[in-house]
Amino acid sequence: MKRLTVIYLLLFTAICNIGFGQKKANLTPTKAQEIKTVGIIKNLSDSVLLDVVQKQTFRYFWDYGHPVSGLARERSNNAFETSTDVVTTGGSGFGIMGIITATNRKWITHDEAVDRMLKIVNFLWKADAFHGAFPHWLDGTTGKVIRFGRKDDGADLVETAYLFQGLLCARQYFSANTPKETDLRNKINWMWDDIEWSWFTREGREALYWHWSPNNGWAMNFPIHGFNECLITYVLAASGDRYPVTADVYHRGWAQSNFFNNGKTFYGFKLPLGFDYGGPLFFSQYSFLGLNPKGLKDRYADYWEQNTNHTLINHAYCVDNPKHFKGYGENCWGLTASDIKDGYTASSPTNDVGVIAPTAALSAFPYTPQFSMKALRHFYYDLGDKIWGEYGFVDAFNEGQNWYAKSYLAIDQGPIIVMIENYRSGLLWKLFMSCPEVQRGLKKLDFQYSL
């Protein structure tokens, strides 16, 4: 229950209370036996510590990936009564980018990665989709939709965009002229071509709509307006080959809301777009796992400035700590959507409940590397006995309540791996921005960008 705008999140805080039967997880280790749980290792260099954190976090998607589909399970616990068969499409897109990272760093073999990717793609090829778009949740065994809310039982366009952000990177990375990799690329291309982006303008309206259901139609009635985590949805919709949207849908839909333009200064940093103080940090992370904000500009913003200043404001707020929460400071910061002691919320400077989520600061490495490294060392060395485990750092913690989550969430673990990698090598940015469709879509929307 992440990756939603703050407004959507507040409107639907209870939608995950669905009675799925709990099933026993299959945690059989894969062949990549070198990826093992590790304890705290003292005196690591920055580079080695980044290796340790990326590798350990990757285990969520590799060892804990669904045994039938290979997709990412929604979470590691049964909160909101989600069974271990509930897989998340958006989180799986992030996990696919993690698989690419692990392959490139040789934590798994190339052949292992190709086989896992084929398992994922062959499963998706047969799974439920609606006008080419996938639902938020699937049953990882059957491929049938699992409803995310009472009327959210069909297409989720934003989750589909996150999934294809990963799949397009995989298509670019697994480029060998072999039967397996050719089959992999072909199926990704066929599914990509089948997404009816224009359908989600709801009969030609000048905005994309988040959901459509064969049972409930447009009942969710949620047009996607910015600025938030959904920019990638508009970029990909403009990039479609068979069913693209026009530039007007971007300029008159995405760029039209009472929380799009900002221009104010917070803690000395100008924020071009978005909510006051920037909102939760996933706004500057989810769309930019593949979409490279360096040099990315349109008529509304310089997205490197937007994302960096958003992060700096979030950091400065935690250092200022106006609510005097225990633990906040220079080395302990980062407000985003995460589990909290009794539920889930989208934390931000305007919705601060005392919870720090490690993914917030760690997925900000490209924007604030020094501040992110300080946070990483604090999380690992000072709090590691409470928040470091088999899949990396747990989802969140509240030192004032002496509460430390036991859970891991796909949507939060994935960006840690990917954004650290983009900071270190730019790998996923290079792959995604190399897609000719994406380049055409960006030009259509009048973006300037760097390769």
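Asp128 is located in the loop that runs between α4 (110-126) and β2 (137-139). The model in which this residue is described is a predicted one. With a relative accessible area of 19%, Asp128 is buried, because the cut-off for burial is under 20%.

The side chain of Asp128 reaches the backbone nitrogen of Val145 at 2.9 Å. Val145 is also among the residues that Asp128 touches when residues up to four places away in sequence are not counted.

Arg202 is not a glycine, yet its phi is positive, at about 55°. This residue is found in the loop between α6 (179-194) and β5. Its relative accessibility is 16%, so Arg202 counts as buried.

Asn221, likewise not a glycine, has a positive phi of about 50°. The loop that holds Asn221 lies between β5 and α7. At 45% relative accessibility, Asn221 counts as partly exposed, because this class spans the values between 20% and 50%.

## The cis peptide bond

Gly226 and Phe227 are joined by a cis peptide bond, for which omega is about 10°. Phe227 has its place in the loop between β5 (211-212) and α7 (231-239). Asn221, with its positive phi of about 50°, is likewise in the loop between β5 and α7.

Terms used. Residues numbered from 1 in each chain as written. Predicted model: local features only at pLDDT ≥ 70, side-chain atom pairs only at ≥ 80, totals over all residues. Heavy atoms only, no water. Helix = DSSP H or I, 4+ residues; strand = E, 2+ residues; numbered from the N terminus. Buried < 20%, exposed > 50% of the residue type's maximum accessible area, 1.4 Å probe, protein only. Polar contact = N/O pair within 3.5 Å; in protein donor to acceptor, adjacent residues only side chain to side chain. Contact = heavy atoms within 4.5 Å.
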